[in-house]
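I opened my notebook to look up a pocket and some aromatic rings. Here is what I wrote down, entry by entry.

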Amino acid sequence: MAEIPDLEKFLTYAEKLGAEHVTIRFNNTKYELISVVNGVVSEYTYTDMSGIGVSVLVGKSPGFSSTNSLDDNSIKKAVEEAVNAAKAVKGKSYEIELADVKAAKDKVVGPYKVCPFDIDEKEKIEILMNTNKAARELDGIKSTTTRLGLELDRRVIVSNDGINVEVTTRLVGLSHISVAGEAGSMERVWDSRSQSAGFEFIRSQNWNEMAMEVSKMALELVKASAPKAGKYTVVLHPDVVGLLIHEAFGHASEGDTVYANASVLANRIGEDIAAREVSVVDEGVIEGGYFFPYDDEGVPKGKTYIVKDGKLTGYLTSRAVAKALNMSPTGNARAQDFRNQVLVRQTNYYIEPGDMSFEELLEDVDYGIYITGKGAGGGEVNPAAGTFTFGVGYSRLIRDGELAEPVRGVTLTGMILDVLKNVDGLGKSLEIRTSVFGGCGKGGQRVRVGDGGPYVRVRNMIVGGR
Amino acid sequence: MVDIESLVKRAEDLGASDVRITVIKSKRKSVSSVGEKIYQSNVVTSYNIGIFVSVGKRIGGTSATVNELVNVEDLLLKAIKIAKNSPEDKDWPGIARGLSKVSISGVHDKKTAETTIEGLADAVMRSCELVTSYDKRLKPISTGIAVVESETKIVNSYDESVSSAETSVMFSASVKSKDGIKEGSYGENRIFRRIDDIRLKDLMENISRRALDALDARQIGTGSYDLVFEGLLFSRVLEVMLGPAISAYNVQMNRSPLKDMLESEIAADHISFVERPHEAQYPGAREFDSEGIATKTFHVVEKGVLRSFIYDYYTASKEGRESTGNAWGGLGQRTTPGPNNIVLMPGDATEDEIIEETKRGVLICTSIGYWLSNYISGQLNGTISHGYLIENGEIKHAVKGVAFSDNFYEVLKSKLDLIGKKLIPSSRMASPMVRIRGSTIAGL
């Protein structure tokens, strides 16, 4: 099998063609997805994608090209196309400059014990078949889908200002969906668990128990009604807090959005934009999250405070955005793969915990909703308008401080800053989650992220229902 | 370059019962701006292969970029190994046979394929100028144009093959308005077949006008309203709600509420949905599906009666019928049925007439989160990111930040009462403007 080509020699070639700055990224992603639907293996696919992306600045104009052909001539052609693209927009583009960084030279492998691609197909299928079967043992379950996802992502980043970084990350997980039906009504609930780890994570979990729990929730929900639309006090499970903070706030804190004047957070550094007890962090390596020690420009991703004690303290940046905003690079330049130019993206985004127990958060709620996130569909935000929405799945009413009957069809909607100002209670424990099945979408690119927080109580949240 | 025909023969030598090999070559050129200047100019060349095999009634698939790191015979061996280790699917009919296509004039546009980075850069700059010249309170946030040319070839073990070349154009623009302390924004994403289909002046003027209207956007009170969906948004709603519900796979897997509803009334008698995949101007038009089966024109719903689900080869074989040419799937993956270009057949109302006949309602232009709606339960919901309050047939002011909800199947049966004349396509469905009576808005 061929090796990764020597990328550094193409840096010199780009310089000869007139590029002042050049970054070349090699990326290889192996992905395996197995699906079992109602006891039948409906899909088992293995994908192996590799190629290079070339980013250049020519006279401060940007150009990018990518190819999956890795012979010298193809890479040279990609370099030429990137340079030509930059020349083609000269005079119409920004004069882009990059913030200086200490040139990292590093090779990092994310935590794992057993490589998921060394496991026999039969073991993987057996785990899925057993899980899928366990979920179908309850009367009223009409359909069950169980999926196993395994990923190995390897990135090499070199630049003509001395960066040479290689990161290899493994990510594994299992998801399950149960559909319940009763009296002409149907409902689905799903759950999943993923970790930046090897196959040992898959072997360590009780998947049958998770699938049974999902089926039980689906059977409860199919009999439930939607809550009346309106404003409620809500207590959010950490899974939903992750969705909320990622979608409702995180996107607005991405520096390219701020620079484009498309964020409600633009020009607000130093302002009180959340309740005093709220602190928001983006961190590259944290338990439960996606392993991300360096970004796709080879900049280390450490711990970045976006909000500290309710005050806006910073934005997420790439090298170009950091220079434009006169800030430091935070290690948030990310590309889905070699075919894409970097954008500013979140990594593991979360609210720091407080000091209340779950019971204390419920205690003061006369009538509200507890939102678990099981079956949550994700969310979307308009960072310029400040609006967000997400579907949150299985939920339960709160009456007089106690959990009551389940409700379905719950969606949360609101204005970003109103919600953070209405936070009035934070739980003690921090839970971060990632997923091998999905990720965050922006500009047509999807990247793996983690998100989470503690249990959080929010007053006056708009809930869409019946 | 991969010799696909030889690889097909090799699959049989290595123990595959049959095989489908797909190769896709594509070139994507794009330019995007932030504010009034270009921020990215990209050229992306791809060459990918997918191998899907069966060994008896066991299946497996692999896909990869074609390059020096990938040995396609190893890829083939991996697919066969996966298949051999998978349990049997007793219903597996083998790889799809009968590959053919319906030639569609115009799915490939030479001018679009030959558009240069310079040409795209000029169009992006022109878009920005159209915004700033429309009103001094407006500034472009971002604009992006991408053109894609792709060639697809599918070969199977039965000496059959099909190939096709297509073009598509993606356009996006968003604009911010500011007047004193008031701020607003509006943006759109569209897909076209040809670069000349973008009517830049009309498009940017509409976006600019709405960004100005957004200065006065506000929430409205919780309650019951008639919802008037613009065609583009409703076609996207249909992709989320109707598309999976009419998929024969979801029906057979007991996760569609339309199971057992064939030849039953699932909608009011003025509602018809027709699969129309042979009209090149629609982004969903295609000559053959992901299995290489020719696409077809047919009624899905005729005057409210569910006439047909949509099928790929597997789901069709299970019911002893022919595929409808609706297979969708990634390279090397098993397919499932999905819409190509399903159209909600137009009615006779103009868009102005629909608004004039609405006493208390909201015209919804864009929504975030509508894709979170649930076709299994029928729960239709989303947040209005740009809309207008309608009172006594007149537009009053812009609306944002409120949630709408209803049950999609009830909407089809009894609440969707007006359908406009003009079809607007999304990527795989098309719809005119529609009105839905008495839906819920959650707001103030």
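How do the residues of the lining of the second largest pocket divide into nonpolar, polar and charged? I found ten nonpolar, 14 polar and eleven charged. For these classes, Ala, Val, Leu, Ile, Met, Phe, Trp, Tyr, Cys and Pro count as nonpolar, Asp, Glu, Lys and Arg as charged, and the others, Gly among them, as polar.

**Ground rules.** I noted that this is a predicted model, where local features need pLDDT of at least 70, side-chain atom pairs count only at pLDDT 80 or more, and totals for chains, interfaces and linings use all residues. Residues are numbered from 1 along each chain as its sequence is written, chains are lettered from A and ligands numbered from 1 in the order in which they are written, and side-chain values use heavy atoms, with hydrogens and water left out.

**The pocket.** I looked up the volume of the second largest pocket and got about 770 Å³. A pocket here is an open set of points on a 1 Å grid over the protein atoms alone, where a 1.4 Å probe fits, with protein on both sides within 12 Å along at least five of seven lines; lining residues have an atom within 4 Å of a point. The volume is the space filled by probe spheres set on the points, which are joined across faces, edges and corners. Of its 35 lining residues, A:G184, A:S185, B:S377, B:N407 and B:Y409 are the closest to the centre. I then checked the elements: α10(B) gives the most to this lining, with four residues. Helices (H or I, at least four residues) and strands (E, at least two) are DSSP runs, numbered from the N terminus.

**Aromatic pairs.** Rings of Phe, Tyr and Trp (its six-membered ring) pair if their centres lie within 6.5 Å; planes under 30 degrees apart count as stacked, over 60 as edge-to-face and the rest as tilted. A:Y46 and A:F117 are edge-to-face, 6.2 Å centre to centre with 70° between the planes. Both A:Y46 and A:F117 are buried (under 20% relative accessible area; exposed is over 50%, partly exposed in between, with a 1.4 Å probe and protein chains only).

Next I looked at A:Y370 and A:Y455: their planes are at 40° and their centres 6.4 Å apart, so this pair is tilted. A:Y370 counts as buried because its relative accessibility is 8%, and A:Y455 is buried at 18%.
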